[in-house]
Amino acid sequence: MTLSLPRTALSIGELDRLDHDGVVRFVRVLEEAGHRMVWIPEVAGREAFTTAALVLASTERMIVGNGVARALERVPKSAGSAAFDLAAGYPGRYVLGLGVSGAVRERGVGPLPFMRDYLDGVDETVERRGDLRVPRVLGAYSAGITRLAAERADGLITFLVTAEHTRWARSLVGPDLFLSVVQWAVVSHDRASAREVARERLAYYLTLPHQIAKLSRLGFTEDDLAPPGSDRLIDSLVAVGTPDQVVEALRAQYDAGATQVAVSLVGPLDDAKLDVYRALGVHRAPGKES
């Protein structure tokens, strides 16, 4: 299957801090602003599949992807069955995203063989449920799982990466596989204050071994990665500026091979941030239709 998804999307981490009614109001604002797709990360608090169901039910046309559901949080049968129901209930509007971290080694297995076996279990569950192809992507940073995405999925999704990583990933999977890149952004005229906003969110990721390993492979030094993160690190990972400048900054990821860029606005959800979401909703991807 070749995924045909909007060229621009959003990755919305705000849902962890919203109650049920708050989620409904928020995603309806996004849809009314013209956004066509959201990815929902599974970081803290909210469960991946019930949250995807809530967003799908709260919107009329929005495409929703789990970006990504943590495979270690549930057995393959649960993930496969939940994904089947969402794809069946909302045809053309749901994408399963799965990811696994190096924490799986505590179970005596590496991430690559674990994910291979996990996908086998998901496939068996979906096949038992009925004749329905559930589109799926893998969260991938290592060469092994990036290649696995090309072999066993419809695409991959990456997060907190530079354009150089996107170019590398594209070289591994070939020219046609769907590749979504989650790009952090801060809409601000003050780069120094924007860096501080980004650092507050980055602090959690600088405690995760698999994120440190990924960023080290991208050429960042121990000094760059020492909390709270160097200016070089922040400037390389976060697009800063006006809505027009943020959209233009996405061009580097497209030029490096991204099929889609999913903007993740950093900072608290307030009226000013909602205005930014509305402003971004009227923009198209650089150079092409979104």
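Biologist: What should I know before we start?

Modeller: This is a predicted model, where local features need pLDDT of at least 70, side-chain atom pairs count only at pLDDT 80 or more, and totals for chains, interfaces and linings use all residues. Residues are numbered from 1 along each chain as its sequence is written, and side-chain values use heavy atoms, with hydrogens and water left out.

Biologist: Why does L18 count as partly exposed?

Modeller: Buried means under 20% relative accessible area and exposed over 50%, with partly exposed in between (1.4 Å probe, protein chains only). L18 has 21% relative accessibility, so it counts as partly exposed.

Biologist: Which residues does L18 touch, leaving out those up to four places away in sequence?

Modeller: L18 touches V23, F26, R46 and L269; contact means heavy atoms within 4.5 Å.

Biologist: What makes a set of residues a nonpolar core?

Modeller: The members are buried Ala, Val, Leu, Ile, Met, Phe, Trp, Tyr and Cys residues, joined through side-chain atoms within 4.5 Å. The largest such core here has 98 residues, and those touching the most other members are I12, W39, F49, Y94, L98, M115 and L138. Strand β8, residues 178–187, gives the most to this core, seven residues. Strands (E, at least two residues) and helices (H or I, at least four) are DSSP runs, numbered from the N terminus.

Biologist: How do you know that the span of α3 is close to what is expected?

Modeller: The expected span is 1.5 Å times one less than the number of residues. Helix α3 has 14 residues and reaches 20 Å from first C-alpha to last, close to the expected 20 Å. Its buried residues are A79, G80, A83, F84, L86 and A87, and their cover includes α2, β5 and α4.

Biologist: What makes something a pocket and not a cavity?

Modeller: Both are sets of points on a 1 Å grid over the protein atoms alone: in a cavity a 1.4 Å probe fits but cannot get out, while a pocket is an open set with protein on both sides within 12 Å along at least five of seven lines. Lining residues have an atom within 4 Å of a point. The largest pocket is lined by 36 residues, with V100, S101, Y141, H210 and Q211 nearest its centre.

Biologist: How much space lies in the largest pocket?

Modeller: About 950 Å³, where volume is the space filled by probe spheres set on points joined across faces, edges and corners. Helix α8 gives the largest share of the lining, five residues.
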